Amino acid sequence: MSTEQTREERLDRALMLARAGRAAEKRRNLAGALDQYTAALAELDGLDPTPLQANLLRWSGSVLRDLGDVEGADVLYVDSVAVADEIGETAAKASGLNCRAVIAQRRGQVEDAVALYRKAKALAAEAGEIRLYGMIEQNLGVLANIRGDLSRALTHYHAALGAFEEVTDDEAASWVLNNLGMLYTDLSQPQQAEGFFGRGLGIALARGDRPMEGILRTNLGEALLAQERLEAADRELSTALGLAREGQDRAREGQALRYLGALHASRGQESLALAHLDEALKIGSLLDDLLLVAEVLFDRGSLHRERGRSDDAATDWARAAAGFRTLGAHRDAERVAELLASLPGTASVTESPS
């Protein structure tokens, strides 16, 4: 009896620590959240595997990912999937596979990402996890968008939005609205994109969701840049950068810095533009974020070409093209290859993406 009570007490303590960790993570106190999750896992050490253990491993992985430790995050995701598989916890396994797919996608392991997303989606459907199903549909939409299959991306996004509306999930709906805005920016329809970002931002502000506010402001800034509304773009991007740094979100910090680099380039402020782009490139390399790296290299190459530095432009564009090819972003890779070929005597330059 005493052994069972001890087990129950340990489970209670672990749950209490897990709840404290989730609250800290929501406040973007990532170091504090990780401390709570680690303590909770210590309480479960030696006990039979539980769904809580699988969740704690996954949550810890996501904190490490946001802090820039992608390798450590993936290790924890693998452990989470293993625990969930052992105890037959279908929803937790689907969540873990979805997280692993995100890491694979970021690294440019596109086919691995697709396979993981599909497994996760089937398990989410089996478990009746409508919200998780919508999240995976959304992630598949992002991947299709990167690969240039915009019609497929639109199909995935609408499937995700339908799932989120079914469970009345405003938070998740704001994610899809953001992605729809990004899609319309890619379609060279920035005014329509601005409408989606505005709807998403309204939800984020009403919820007090500062991380999502930062994401939406970053992408709204890009749409405003496309319309050459530089003052408005500056306001959105500067606010987004502050929110990313406040929340210790390195990936979003890198994106905001990238667009601020483009903004300064538009104003003819070359030194500021290069400083922002170089900082974004360092962050992308640290995070193994091949897409961010390729995008920044393309932007920096464009700035070099405008200033007559053809050799520097060729080097950056060759690396960008390689990165886009690795990601399966063939439309972007072809666009960069055409620009590269237009530089006299530089068409043979090749580099690795990172």
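Author: The account below begins with the whole protein, turns to the cavity, and then visits other places along the chain.

The model is predicted, so local features need pLDDT of at least 70 and side-chain atom pairs count only at pLDDT 80 or more, whereas totals for chains, interfaces and linings use all residues. Residues are numbered from 1 along each chain as its sequence is written, and side-chain values use heavy atoms, with hydrogens and water left out.

The secondary structure consists of 17 helices and 0 strands; helices (H or I, at least four residues) and strands (E, at least two) are DSSP runs, numbered from the N terminus. Along the principal axes, the C-alpha atoms fill a box of roughly 80 × 40 × 35 Å. Of the 354 residues, 54% count as buried, where buried means under 20% relative accessible area, exposed over 50%, and partly exposed in between (1.4 Å probe, protein chains only). Among contacts with a separation of 6 or more, 56% join residues 24 or more positions apart; contact means heavy atoms within 4.5 Å.

We come now to the cavity. Rolling a probe the size of a water molecule over the atoms shows where empty space is left. On a 1 Å grid over the protein atoms alone, a cavity is a set of points where a 1.4 Å probe fits but cannot get out, while a pocket is an open set with protein on both sides within 12 Å along at least five of seven lines; lining residues have an atom within 4 Å of a point. Grid points are joined across faces, edges and corners, and a volume is the space filled by probe spheres set on the points. A search of the whole structure finds 1 cavity of 30 Å³ or more, and the largest cavity holds about 100 Å³ of space.

Its lining is made up of Arg28, Arg210, Pro211, Gly214, Ile215, Ala240, Leu243, Ala244, Glu246, Gly247, Asp249 and Arg252. Helices α11 (210-226) and α12 (230-246) each supply at least two of the lining residues. By class, the lining has 5 nonpolar, 2 polar and 5 charged residues; Ala, Val, Leu, Ile, Met, Phe, Trp, Tyr, Cys and Pro count as nonpolar, Asp, Glu, Lys and Arg as charged, and the others, Gly among them, as polar.

Aspartate 66 has contacts with residues of this lining. It is found in helix α3 (residues 51-67) and is buried, with a relative accessible area of 14%. Not counting residues up to four places away in sequence, aspartate 66 touches Arg28, Leu30, Gln248, Asp249 and Arg250. The C-alpha atoms of aspartate 66 and arginine 252 are separated by 9.4 Å, although these residues are 186 residues apart along the chain.

The loop between α11 and α12 holds glutamate 228. Most residues other than glycine have a negative phi. Glutamate 228, however, has a positive phi of about 60° although it is not a glycine, and it is exposed, with a relative accessible area of 67%. Serine 188 also has a positive phi, near 60°; it is in the loop between α9 (170-186) and α10 (190-207), and it is exposed at 63% relative accessible area.

The lining comprises 4 nonpolar, 1 polar and 5 charged residues, among them Val114, Arg118, Asp149 and His156.

Lastly, helix α15 (residues 290-306) has 17 residues and reaches 24 Å from its first C-alpha to its last, close to the 24 Å expected; the expected span is 1.5 Å times one less than the number of residues. In α15, 15 of the 17 residues are buried. Beyond four places in sequence, histidine 304 touches Leu274, Arg309, Asp312, Ala313 and Asp316. Just after α15, glycine 308 takes a positive phi of about 80°.
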